[in-house]
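The following exercises concern one protein structure. Please study the sequence and the model before reading each worked solution.

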Protein chains: 2
Amino acid sequence: MDIKDQHLNLAQWYDVIETALQDTDAEPILNLRDDGAGVYDAIFLGGGAGGRFGAAYLRAMGGRPLIVDAWPFLGGTCPHQACVPHHLFSDVAAELDLWRWFSGQLFFPDWDPGRASILEIIRLFLRGRSSAHAFMNWQTKEQLDVEYVLNARARLVDAATVEVAGRRFEARNLVLGMGARSRHPDIPGMELRGVFDFATLVEELDYEPSRCVVIGGGKTSLEYGSFFQATGCQTVIVSRSPLMRTPSLHHVDEDLRRYVVDGMRKRGVEILEGAEPVAILGSGKVERVVVRLAGGETAEIETDFVFIGTGETPNSAMARDVLGVRVGPQGEVLVDKTMRTNVPNVFAIGDLIGAPMEMFKARRCGVTAAKNIMGEAAEFDFSEYPDFLHTTYEVTWVGLSEQEARERFADVIIIQMPPYVEDLDTEHLPLPCADRTMLYAFAKPELSGFQKLVIDGESRRVVGAHHVGYGAKDAFQYLDYLIHRPEGLTIDELGNMNELFLNPEHFIQLSRLRAGRSELVNL
Amino acid sequence: MDIKDQHLNLAQWYDVIETALQDTDAEPILNLRDDGAGVYDAIFLGGGAGGRFGAAYLRAMGGRPLIVDAWPFLGGTCPHQACVPHHLFSDVAAELDLWRWFSGQLFFPDWDPGRASILEIIRLFLRGRSSAHAFMNWQTKEQLDVEYVLNARARLVDAATVEVAGRRFEARNLVLGMGARSRHPDIPGMELRGVFDFATLVEELDYEPSRCVVIGGGKTSLEYGSFFQATGCQTVIVSRSPLMRTPSLHHVDEDLRRYVVDGMRKRGVEILEGAEPVAILGSGKVERVVVRLAGGETAEIETDFVFIGTGETPNSAMARDVLGVRVGPQGEVLVDKTMRTNVPNVFAIGDLIGAPMEMFKARRCGVTAAKNIMGEAAEFDFSEYPDFLHTTYEVTWVGLSEQEARERFADVIIIQMPPYVEDLDTEHLPLPCADRTMLYAFAKPELSGFQKLVIDGESRRVVGAHHVGYGAKDAFQYLDYLIHRPEGLTIDELGNMNELFLNPEHFIQLSRLRAGRSELVNL
């Protein structure tokens, strides 16, 4: 269908997308100027975060981009299967966590695990997701003026030609943004009904799980495992590494890690570290997971639900085979800081180029490619960045862990809440507290969070910040900018800012209590 | 009791404070070096936010401060009667709001107004508040090394002498931080049982209100009114000005205001703007409030509960009468930017010097006085600052409203979510969304928040930011710093930051979608 001259509103777009998702024969969606004639400045293969932002930026600079995507919507995996449902699940987990701790107290009814249905939450997501898709399609056409072909699988012909929806499009540059897919452990039983990853979970779950085994120790495992447990589905996490010590997570502070993992255990999650899955057993449907434990012995865990959170593999095969782009050991397309591959005029962006598979990286990769294509030299270094995950909490960090700082600086100053003081009886301390932790602070103080600021005493600069609680994620974007700018951020500047009390992280006021000292000390 | 050589932990401090609060004859708490002999660099009269931070900073700089306070704890009104209970109430309001909208859906039981008790939430607060007090007393002594006399009312003798706990203390400087108290409208019936302000609410409420009349249209009224309504207590707000248009609130954007006030109405709050209370009637206990409505006619509102939120008056009488410090029309002590009053060596800080009566201002006033006393010239200009309030939402803003920006700049660019576009059907748009709004986004999209960025198109600088939702408060502290630094914050710098998706305010990525254009346009 050619929608170039139509101006669909969100409700109309919703219908177009839902129809296409349900009907595999639905025709491609074409939004093309001059019917796609002429040569584009760039074709973005994949309209996920990187492709959409890259194309929008290139268009904003005056160029002519084309996005092609097999799905009938722009935005990619994130709003369809990944970060958006995960945020819904984590938000639900935080609500259910409150209910479970306060069961029968205050205004909370008795906890009723029968009410919290994983399946029902997924259905809520499925009913709503195309509304976000509708907005992306609308915005990209009407506000950002970007051409696209959706709901049609593209074929790379060469570095200047893409075939899609039965025709060929020519471009001076290609930007590859085909993303990644779940990587599954190579063990027997992966094909059984009841084995899911983040994508198949939302697409295929059709029963209410009663027990869960999560495989993996990184972000996805913690996030989904915490959600399942919060609904009352008894969850076991099987991980080779200690949780949050997987290679994909950098700068994880040990005190933060302990607070997070202890918090999961307090909520009933069973955690098997140093353990490896050996096989998934069952006749047709999952019944047991066989695990080799840290001590070498084997255990069988009964379950009707297995969730795989062992990372993702870039979708690089077609680009490698057709164009000859070089790929690394994980299948990631290799690029330089301008996002150029080894093939002239071919760029790659987002999850396709490997870790970190995060939104900011995908989008900024796209922008970097766009700038270079339009003749503005640009590099993107994503070796340092702020990071976060959810359990039933929001966990956020940026810069160095305390351990890393101690390796680098002679005089490391720690400002944290609760403070580390022997015999202080901090389990009754209602601090930290802020929005969404007030009930914990007043009734279950030990659950109200943890925060730590790491400072180089000599330069007085903040070198790391770590937070468990809620409501600090947004701030860490700016803390990242401030501590990584050339002049950094000193405790003096931080202590001189205007806090909005009760602020989720108490860094401004805690810094102020120490900033008067010429020789800094811990707090 | 002399606790100088004791090192009480939090549980022990809790007992000391609770005992003193319950026994009006409890003796003063003395934490004095050399038994208080010698001359202090400064005596801080009042150990609230300003006095505690000022004294701590002066001590950190090597000076010798003394804090005196009539209460048996440091921290002042905030943790005892004001911002801390308010945050607990607002957090509860956000939870109850979710329950009411989702009554009987998903995992939420049917809404049961009988379960949500204002009295019970206040009791939860009262049981816990001395734990925070305990921490302040502990930290100020053990970590910050500040001397104090608590639980004893001080008398000013002259600008160098304070009498408290039966003895006299000498200082080279006085820092006055005696705070403020609720200002009540001058109408008949204020003495009736059932009339409360924020302080008496927590101290004296002993029944469960069934209907409420809130008087006032500023922060306190919106916050407490939203909480009462959320518990199922039908609330009417009576305000002379339109809500959020009181003189104490600056830079309130009209679109933000409309979203907030409409949101309160959607939740059942009845709002009478342009209305004035004439009298509170009842025999012994409140029964009705007589109100002159905008049109001039009079109405009687039946109620068993009246909440006064009409602002605060500084406690300046003693300082004016004894020391001759000059005060302004609202009773506020007049100071210059160094916090000096007209009386040599007498400083004044915090709520005592008038609006804004906010935490950041009190604390930074204290620090400014401390620096000047210790010989470091310092000024504090709090004419510009970020601000926030709660309804069932967290509402945050900084810099100019759109209207103010249009008066000042020729080319004002607006980036907002939902976008303002006719016939877009945005009531089904699940954006903005982020932590704590995900359920709204997927089931009641029109409740998921509002956000707006105001940009001067010519300089490309962000000049204002406005947010309704959750989780952005912490970030606005840093946005305030960034937009008010000399070089400001351009849309280009903002669009080049690393967002943590789903970020509560979507400013980074929305900016990025426009930053490629040399001529900016709205989004």
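**Exercise 1.** Does A:Arg460 count as buried or exposed, and at what relative accessibility?

*Solution.* The model is predicted: local features need pLDDT of at least 70, side-chain atom pairs count only at pLDDT 80 or more, and totals for chains, interfaces and linings use all residues. Residues are numbered from 1 along each chain as its sequence is written, chains are lettered from A and ligands numbered from 1 in written order, and side-chain values use heavy atoms, without hydrogens and water.

Step 1. Buried means under 20% relative accessible area, exposed over 50%, and partly exposed in between (1.4 Å probe, protein chains only).
Step 2. A:Arg460 has 15% relative accessibility and counts as buried.

**Exercise 2.** Identify the salt-bridge partner of A:Arg460 and locate both residues.

*Solution.*
Step 1. A salt bridge requires a side-chain nitrogen of Lys or Arg within 4 Å of a carboxyl oxygen of Asp or Glu.
Step 2. The partner is A:Asp492, with the closest N and O atoms 2.8 Å apart.
Step 3. A:Arg460 lies in the loop between strand 24 and strand 25 (461–469) of chain A, and A:Asp492 in helix 14 (residues 491–495) of chain A, 32 residues apart. Helices (H or I, at least four residues) and strands (E, at least two) are DSSP runs, numbered from the N terminus.
Step 4. A:Asp492, at 30% relative accessibility, is partly exposed.

**Exercise 3.** Describe the salt bridge between A:Asp253 and A:Lys452.

*Solution.*
Step 1. Their N-to-O distance is 2.9 Å.
Step 2. A:Asp253 is buried at 0% relative accessible area, and A:Lys452 is buried at 0%.
Step 3. Both belong to a network of salt bridges whose members include A:Arg245 and A:Glu402.
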